[in-house]
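Open the model in your viewer and keep the selection tool at hand. We will go stop by stop.

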Amino acid sequence: MNTLVRMVMMFLFLILGTHVSEAYNTCPKCGSIDVPYPLSTDDNCGDPRYKVYCNNGILEFLSAAGFSYKILSINPSAYKLIISPPPIQKGTCYSSDFSSEGLKLDENLPFNISTHNTVMLFNCSDHILFSPLNCSSISFCRQFEYNVEEGIGCKNTLCCHYLKDSAMTSHMIRIRAVGCTAYTSMVNMKPGSSFDSWTYGIELQWVPPN
């Protein structure tokens, strides 16, 4: 009986100790956003493998190419966060991360792009027509070009959309001069939904620490 009690107490100690450790290592808020464990804004909190950055009260995610994306929301229970798509530069059809060739994640870190993102590509070269992407006249991207101010510079360019699924790379949304030069993304887009109901963002997920 004493052995059983000791085992139960040891189990409780390990469980409670883990939660206390996580709570103790949680980073402070960045602006209005809580920074849950294991995300880390500082060497003294969180897990350094899950690095994010707090710049003047704005929480940001840094790509492998060094481009910063604003973090819009975090769902720690689902191990997910949503970053803002890079703006398309005014009067052009080039995303602001064009020089970085779009979003690239470090494959050695525990983050990847989830399968809940519908990506729209703009100003594409003709070879994209050989891909399985939807480049038809009823593609979602047409609504963006004609109804959203940010998309005006891409009007009448070749555009396509696709659902980021598990068959595609989970570490990149690529743009480049010989492909497409701009993109945006929506999270959990419903088929047939109107542009004024879209939720802009790129959902990332992380593998929880061992």
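How many disulfides does a search of the whole structure find? The search finds six. Keep in mind that this is a predicted model. We will visit three of those links, but first look at the whole chain.

**Stop 1: the whole chain**

Show everything as a cartoon. The protein chain has two helices and 13 strands. Now switch to a surface. The accessible surface comes to about 11,800 Å². Carbon and sulfur atoms own 56% of that surface. Of the 210 residues, 40% count as buried.

Next, think about contacts. Take those between residues at least 6 apart in sequence. Of these, 63% join residues at least 24 apart.

**Stop 2: helix H2**

Select residues 140-147. This is helix H2. Which of its residues are buried? They are Phe 140, Cys 141, Phe 144 and Glu 145. Color these four and look down the helix axis. They cover an arc of only 140 degrees around the axis, so they sit on the same side of H2.

**Stop 3**

Zoom in on E9 and E10. Four bridges join these two antiparallel strands. Select Leu 121 for one example: its bridge partner in E10 is Cys 160.

**Stop 3: strand E13**

Select residues 202-206. This is strand E13. Four of its five residues are buried, so E13 is largely enclosed by the rest of the structure.

Now find two of the strands bridged to E13. Select residues 80-83, which form strand E6. Four bridges join E6 to E13, and the two run antiparallel. Leu 81 stands opposite Leu 204 in E13. Then select residues 111-113, strand E8. Three bridges join E8 to E13, again antiparallel. Here Phe 111 has Trp 206 of E13 as its bridge partner.

**Stop 4: Cys 27 and Cys 45**

Pick Cys 27 and Cys 45. They form a disulfide with sulfur atoms 2.0 Å apart. The torsion about the S-S bond is about 100 degrees, so this disulfide is right-handed. Where do the two ends sit? Cys 27 is in strand E1 (residues 27-30). Cys 45 is in the loop between strand E2 (33-35) and strand E3 (53-55). The two are 18 residues apart. Cys 27 is buried, with a relative accessible area of 5%. Cys 45 is buried too, at 7%.

**Stop 5: Cys 93 and Cys 154**

Move to Cys 93 and Cys 154. Their sulfur atoms are 2.0 Å apart and form a disulfide. The S-S torsion is about 105 degrees, so this link is right-handed. Cys 93 is in the loop between E6 and strand E7 (102-104). Cys 154 is in the loop between H2 and E10. They are 61 residues apart in the chain. Are they buried or exposed? Both are buried.

**Stop 6: Cys 124 and Cys 180**

Select Cys 124, in the loop between E9 and H2. Its relative accessible area is 10%, so it counts as buried. Which residues does Cys 124 touch, not counting those up to four places away in sequence? They are Leu 158, Gly 179 and Cys 180.

Cys 180 is its disulfide partner, with sulfur atoms 2.1 Å apart. With 110 degrees about the S-S bond, this link is right-handed. Cys 180 is in the loop between strand E11 (172-174) and E12. The partners are 56 residues apart. Both are buried.

Now look from here back to the previous stop. The C-alpha atoms of Cys 124 and Cys 93 are separated by 10.0 Å. Along the chain, these two cysteines are 31 residues apart.

**Last stop: the pattern**

Show every disulfide. Count the bonded cysteines along the chain. The pattern reads 1-3, 2-4, 5-9, 6-12, 7-11, 8-10.

How values were computed:
Residues are numbered from 1 along each chain as its sequence is written. This is a predicted model: local features need pLDDT of at least 70, side-chain atom pairs count only at pLDDT 80 or more; totals for chains, interfaces and linings use all residues. Side-chain values use heavy atoms; hydrogens and water are left out. Buried means under 20% relative accessible area, exposed over 50%, partly exposed in between (1.4 Å probe, protein chains only). The arc is that of the directions from the helix axis to the C-beta atoms. Two strands pair if DSSP finds at least two bridges between them. Contact means heavy atoms within 4.5 Å. Accessible areas come from the Shrake-Rupley method with a 1.4 Å probe; for residues, only the protein chains shown count as cover. A disulfide is a pair of cysteine sulfur atoms within 2.5 Å.
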